[in-house]
Amino acid sequence: MINSKTDLSRRSFIKGIGATSIAVGTSAVFSESAEAKDVVKAPENVYESVLGDDVNCIYVKKGDFNGPKGPIGFENRQIAKSEITKEYNCDVAVVGGGISGLIATLKAAEEGAKVVLIEKMTEGRGAFECFGSVNSRTQREAGVKTDKAVLLGEMHRSASYRIGPDVVRTYVEKSGEATDFMEQMFKKGDKGFVIAPMPLRPKYPNTGAPVIDAECMFYNTPGLPKDVRFRSGHVGVYIIQDLTNTAKKHPNVTAKYSTPAAQLITDKSGRVTGVIAKEDGKYIQINAKKGVILATGGYDANPEMMKAYLRPEDYSSASWWNPCWGTTGDGHMMGLKVGAAMDPVPHAVMNFTFGSPESFHIPAVRTLRAMGLYAVVNDDGERFVREDAAFQSISNATNRQATFGKKSWLLFDDTMISKNKEIFDKAIAAFAQLKTKGWLFEANSAAELEAVMKMPKGNLVNTINKFNAFKKAGVDQDFNRDMEFAKEFDGKKYYALVCNSVILATVSGLIIDEHGRVLNSKGNVIEGLYAAGNASGDFFSGNYPRHIPGTSMGRAITFGYLSALHAVKGA
């Protein structure tokens with residue numbers, strides 16, 4: 001069926017590709033069939049059609065997607081005025097009740113604006129335990145001095161210089177101010193959250209990554225449960241609850257949950273004047289005099305968008321760590337629908353190593369205390385990365401394997417488990433369940449482990465012999481790992497624990513300026529429209545630089561704060 005300019009454009013595009021393919025002698029079957037039958041293929045999904053004629057394709061091998069699919073709020077069709085059952089009027093509409101949306105809501109409300117906050121799920125998402133910040137009150141009082149030039153330089157280097165200067169510079173200059181505002185909001189909350197500088201600065205010896213002191217934490221909060229305080233991602237749940245309660249009590253805020261946003265409203269000039277959402281299954285219209293802030297997070301729970309914008313190897317064999325399936329890219333799509341520019345593909349994903357086929361191995365790995373001592377090998381028993389690199393680097397190398405990292409292995413022996421007997425015994429006891437799931441193999445020697453795992457004969461033995469030789473010489477001739485923090489394999493038991501890539505979030509989005517205003521493809525501001533957090537872009541490229549402390553959360557807090565400030569008070 002031909003039903004749009006996009007269909008016609010795609011037909012022309014297919015013909016063009018067909019001619020090229022014949023000339024170079026590849027994809028002949030595809031090009032011949034397309035030419036012979038004059039195939040007109042409609043867009044497979046809304047994520048292709050939303051860009052209209054201005055769309056191009058980059059061909060990659062399809063990947064499998066076994067991740068979550070959340071409820072999608074965005075609607076591409078024209079919603080008629082007659083379908084609107086109710087209207088609300090406010091100064092600022094905030095779409096999304098995570099950290100950036102809540103900070104935006106509270107900042108706008110504190111500035112005297114009437115705010116309507118809508119969230120698709122029953123509560124906002126929060127999966128963090130710390131965040132990036134520069135020169136906040138607590139950091140100043142602790143004597144923390146961040147080298148801003150080093151931080152900015154590393155942010156650009158990590159993005160391969162594919163980002164502009166304004167947004168990251170603003171983050172470095174304003175994140176402390178935004179942190180101080182969040183601290184003020186905690187004083188209005190019930191939990192008594194305490195912000196303090198993070199004492200554990202990530203170090204990656206000999207990798208070229210500088211040590212940057214620019215991160216804060218909440219671990220000193222008295223009311224946090226002990227089993228939550230130091231667990232990755234868990235603190236954020238409590239912070240979101242606290243800020244949500246504060247927002248709901250604010251006299252200037254109307255908060256609506258289970259209310260998905262469907263599309264933006266624009267006037268004749270192109271200015272965004274509001275948002276259409278669904279409340280109790282019926283369409284409502286929220287008119288926002290001063291602006292709409294998109295704080296909808298990434299799209300890691302939207303399979304079609306993941307396939308459209310990410311490398312297939314980044315998700316094909318990965319597991320997911322996301323605590324909520326509301327991140328379906330509604331803000332991205334609503335922005336694109338009104339002409340917004342978005343980060344170029346491939347988008348950046350926040351991925352970690354230590355993934356099991358189900359989620360995150362990190363509790364097991366921490367119990368083992370094997371971090372930093374192990375080797376990482378592929379299904380052939382061969383090393384493929386320096387094991388002391390940052391999480392995302394190991395994850396990327398894992399995904400690069402021929403199987404898209406379906407089975408990589410963390411290799412260790414019993415001497416690399418904690419010397420603390422209680423911890424050692426606890427680790428050994430936990431192995432039984434891992435073995436049952438097929439995630440852990442155990443043997444009395446490297447040769448036996450190699451045989452049990454059906455690796456090519458001699459490979460794993462050779463890998464361990466080389467690793468031990470590198471340790472003895474003090475130089476890793478293959479990957480330049482810092483061997484001071486490695487250990488020779490000389491135990492009585494050898495283990496291999498499956499170690500895949502695990503996804504937390506996508507971190508690419510709509511292009512914004514230093515105030516959080518969304519830009520169109522010509523670099524001009526779309527009046528009335530803002531984006532913050534993982535719905536916004538021009539901050540990361542390639543992948544998420546986990547070795548720079550807390551920039552994703554720091555960005556969310558900073559641009560939630562700044563977008564609200566600009567929407568209410570202007571530049």
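This is a predicted model: local features need pLDDT of at least 70, side-chain atom pairs count only at pLDDT 80 or more; totals for chains, interfaces and linings use all residues.
Residues are numbered from 1 along each chain as its sequence is written, and side-chain values use heavy atoms, with hydrogens and water left out.

**Whole chain.** Start with a cartoon view: the protein chain has 17 helices and 18 strands. Helices (H or I, at least four residues) and strands (E, at least two) are DSSP runs, numbered from the N terminus. Of the 571 residues, 56% count as buried, where buried means under 20% relative accessible area, exposed over 50%, and partly exposed in between (1.4 Å probe, protein chains only).

**Core.** Select I99, F218 and F412, the residues with the most contacts inside the largest nonpolar core, which has 154 residues. Such a core is a set of buried Ala, Val, Leu, Ile, Met, Phe, Trp, Tyr and Cys residues joined through side-chain atoms within 4.5 Å. Another core, of 6 residues, lies apart from the largest one; I79, I84, A262 and I276 are among them.

**R125 and D300.** Stay on R125, whose side chain meets that of D300 in a salt bridge (3.3 Å, N to O). A salt bridge is a side-chain nitrogen of Lys or Arg within 4 Å of a carboxyl oxygen of Asp or Glu. R125 is in the loop between β2 and β3 (130-132) and D300 in the loop between β9 and α10 (303-309), 175 residues apart. R125 counts as buried because its relative accessibility is 18%, and D300 counts as buried at 0%.

**Other salt bridges.** The structure holds 31 salt bridges. Select D91 and K289 next: their side chains meet in one, at 3.6 Å, N to O. D91 is in strand β1 and K289 in strand β9 (residues 282-294), 198 residues apart. Is each end buried or exposed? D91 counts as buried at 13% relative accessibility, whereas K289 counts as exposed at 62%. Then show E75, R77, E83 and K278, which are linked in a network of salt bridges.

**Open sheet.** Move to β10, β16 and β11, 3 strands that form an open sheet in the order β10-β16-β11, with mixed pairing. Two strands pair if DSSP finds at least two bridges between them. β10 (319-320) and β11 (349-355) are the edge strands, each pairing on one side only. β11 pairs with β16 (residues 500-506) in the antiparallel sense over 5 bridges, and N500 in β16 is the bridge partner of G355.

**Helix α11.** Select residues 330-337: 7 of the 8 residues of this helix are buried, including H332, M333 and M334. Just after α11, G339 takes a positive phi of about 100°.

**Surface stop.** Finish at V60, in the loop between α3 (46-49) and β1 (84-95). V60 counts as exposed because its relative accessibility is 52%.
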